[in-house]
Amino acid sequence: MTAFYETVYLGGGISCLAAARAARGDSILLERAERVGGLCKSDQVDGFTFDRTGHLLHLRNPRTQKLVRRLLAGNLGQIERSAWIYSQSVYTRYPFQSHFYGLPTDVVAECLSGLIRARQKPKKKAKNFADWVLAQFGPGVARHFMFPYNRKLWTVSPRTLTTEWLGRFVPRPDLDQVLRGALSDQRDDVGYNAKFSYPLRGGIESLVRALAAGVKKIECGVEVSGIDLKARKLTLSSGDRLGFGRLVSCAPLPALMRMIRPLPERLREATRRLRWTSVYNLNLGLRNVESTRHWVYVPEDRFACYRFGYASNFSPAMAPKGQANLYVEVAHRRGGRPLDRPGIQARVIDDLLAMGVLRSRKDVICRQEFDLPYAYAIYDRHRREAVARLQRFLRSRDIFSIGRYGSWEYSAMEDALLQGLDTAAG
Ligand SMILES: Cc1cc2nc3c(=O)[nH]c(=O)nc-3n(C[C@H](O)[C@H](O)[C@H](O)COP(=O)(O)OP(=O)(O)OC[C@H]3O[C@@H](n4cnc5c(N)ncnc54)[C@H](O)[C@@H]3O)c2cc1C
């Protein structure tokens with residue numbers, strides 16, 4: 001006889017973990033990897049704790065603040081951001097648009113005069129992200145940061161992107177802040193991530209472990225490969241079948257849709273419209289590093305990465321005493337073609353040497369690399385309608401596709417936790 005659960009959680013990302021720990025009734029969480037956590041896992045390598053790229057907690061909602069404080073009681077640090085941009089061979093403070101100080105004079109003048117002129121013009125509804133940037137910040141900021149950085153991160157032209165994702169992610173400082181930041185090296189707290197929280201010990205996975213401890217039933221090493229909607233049964237990698245009443249999934253939306261058989265053609269078509277970038281991440285254990293920075297954006301095309309960060313500056317426990325833990329992120333979109341890992345790793349190391357982040361290759365003590373196949377859902381003109389159509393279909397079948405990739409959105413851990421809590425309550 002096939003086993004049956006009222007609710008099956010497909011995937012052990014933090015959204016499904018948050019939902020499952022608050023679940024009522026008979027439920028099970030299935031995770032294909034050897035342990036739960038998804039992108040919020042941390043690995044121990046030669047005394048370093050490596051996250052799967054930097055994972056900082058930006059908690060604005062009282063519910064998540066309360067939950068995370070309770071889960072990480074005694075293990076949560078509060079940190080003031082030290083975020084920078086490396087461009088024109090100098091470091092300037094983040095966000096770029098309110099910190100021109102330190103850039104070559106011509107660049108400061110170009111950015112400042114463009115921004116002031118842009119602020120004086122009446123605003124029309126922007127057709128795309130590129131138009132929005134030009135209207136908000138002018139051509140200097142567009143040329144020296146917004147266009148090259150976002151082209152690198154999203155792997156598409158800024159004209160291809162809509163403005164739906166901007167929300168809290170692109171701060172709009174007032175003119176006073178811009179002028180102060182052009183005339184002096186001013187620290188300010190513009191933007192959603194001016195302060196953040198991070199576990200004192202154990203990396204971001206300590207949050208996952210605390211969440212998972214409250215979940216009744218978890219099975220790891222089990223991949224869901226098919227969803228039979230008529231019979232309301234899942235096919236598992238073992239060949240077993242499992243009946244479900246309600247399905248809550250944090251698997252990436254295109255992968256979830258591919259599991260559903262048969263799938264009407266109009267939904268196949270909507271699924272084909274979803275596009276995304278992947279991120280190659282290189283974690284390095286280093287000696288001879290003295291920076292106190294948290295993370296650095298790298299807009300220029302001459303460098304492969306779009307960002308790097310010092311995890312050991314979030315928490316000293318992330319590295320052995322006197323050593324540093326650095327992560328480097330490179331976005332790519334390869335359409336299934338294999339990634340040239342040795343080539344990209346060599347280029348990243350060369351770039352770190354060129355930027356002076358690394359003094360010598362001999363300072364690399366250990367390394368860990370991995371690829372995040374789904375990293376950023378691309379906000380092009382098709383995304384919104386395609387996602388709405390797929391979600392309507394899934395909801396009508398009692399399937400809840402949640403989390404950053406289930407919702408197919410640009411969002412943070414806090415949003416994933418909230419979606420989990422809301423799904424459990426609903
Ligand atoms: C480069 C990068 C940097 C980020 N930095 C931050 C940050 O600083 N702060 C922040 O708040 N957020 C950050 N995020 C976002 C954060 O990673 C996500 O919000 C969060 O991890 C989403 O969790 P989730 O529950 O949606 O699922 P995921 O973490 O995507 O987990 C999905 C799980 O489902 C499992 N699964 C998939 N398919 C199946 C299947 N068929 N059967 C069984 N199991 C399956 C997977 O193995 C995985 O464990 C970052 C994301 C990226 C890409």
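Let's start inside: the buried residues of α1 pack against β1 (3-10), β2 (27-31), α6 (205-212), β12 (241-249), α11 (403-406) and α12 (413-425). Contact here takes C-beta atoms, placed from the backbone, that lie within 7 Å of each other. Helices (H or I, at least four residues) and strands (E, at least two) are DSSP runs, numbered from the N terminus. This is a predicted model, in which local features need pLDDT of at least 70 and side-chain atom pairs count only at pLDDT 80 or more, while totals for chains, interfaces and linings use all residues. Residue numbers run from 1 along each chain as its sequence is written.

How many residues of α1 (residues 14-21) are buried? Eight of the eight are, so the helix is largely enclosed by the rest of the structure. They are Ile14, Ser15, Cys16, Leu17, Ala18, Ala19, Ala20 and Arg21. A buried residue has 20 or more other C-beta atoms within 10 Å of its own; 12 or fewer make it exposed, and anything in between partly exposed, with C-beta atoms placed from the backbone.

Now to the ligand. Of the 37 residues around it, Gly11, Gly13, Gly38, Gly403 and Ala412 come nearest. A residue belongs here if its C-beta atom, placed from the backbone, lies within 6 Å of the molecule. The elements that give two or more residues to this shell are α1, β2, β18 (364-377), α11 and α12. The largest share, four residues, comes from α11. By class, the shell around the ligand divides into 19 nonpolar, twelve polar and six charged residues. In this scheme Ala, Val, Leu, Ile, Met, Phe, Trp, Tyr, Cys and Pro are nonpolar, Asp, Glu, Lys and Arg are charged, and the others, Gly among them, are polar.

The loop between α11 and α12 holds Trp408, whose phi is near 55 degrees, a positive value in a residue other than glycine. Trp408 counts as buried because it has 25 C-beta neighbours inside 10 Å. Asp398, in the loop between α10 and β19 (399-401), also has a positive phi, near 60 degrees. With 14 C-beta neighbours inside 10 Å, Asp398 counts as partly exposed.

Two peptide bonds deserve a look as well. The bond from Tyr94 to Pro95 is cis, with omega near -5 degrees, and Pro95 lies in the loop between β7 (90-93) and α3 (105-120). The bond from Arg261 to Pro262 is also cis, with omega near -10 degrees, and Pro262 sits in the loop between β13 (260-261) and α8. Most residues other than glycine have a negative phi, and most peptide bonds are trans.

Finally, look at how helices pack. α3 and α4 (residues 129-154) meet at an angle of about 165 degrees, with their axes 7 Å apart. Axes are lines fitted to C-alpha atoms, for helices over the stretch in contact, and angles run from 0 to 180 degrees between N-to-C directions. The two helices are therefore roughly antiparallel; that word covers angles over 145 degrees, with under 35 roughly parallel, 65 to 115 roughly perpendicular and the rest oblique. By class, the contact of α3 with α4 has nine nonpolar, five polar and two charged residues.

The axes of α8 (residues 265-272) and α10 (residues 383-396) come within 9 Å and cross at roughly 135 degrees. That makes α8 oblique to α10. Leu267, Ala270 and Thr271 in α8 meet Ala386, Arg389, Leu390 and Phe393 in α10.

Definitions and conventions
Contact = placed C-beta atoms within 7 Å.
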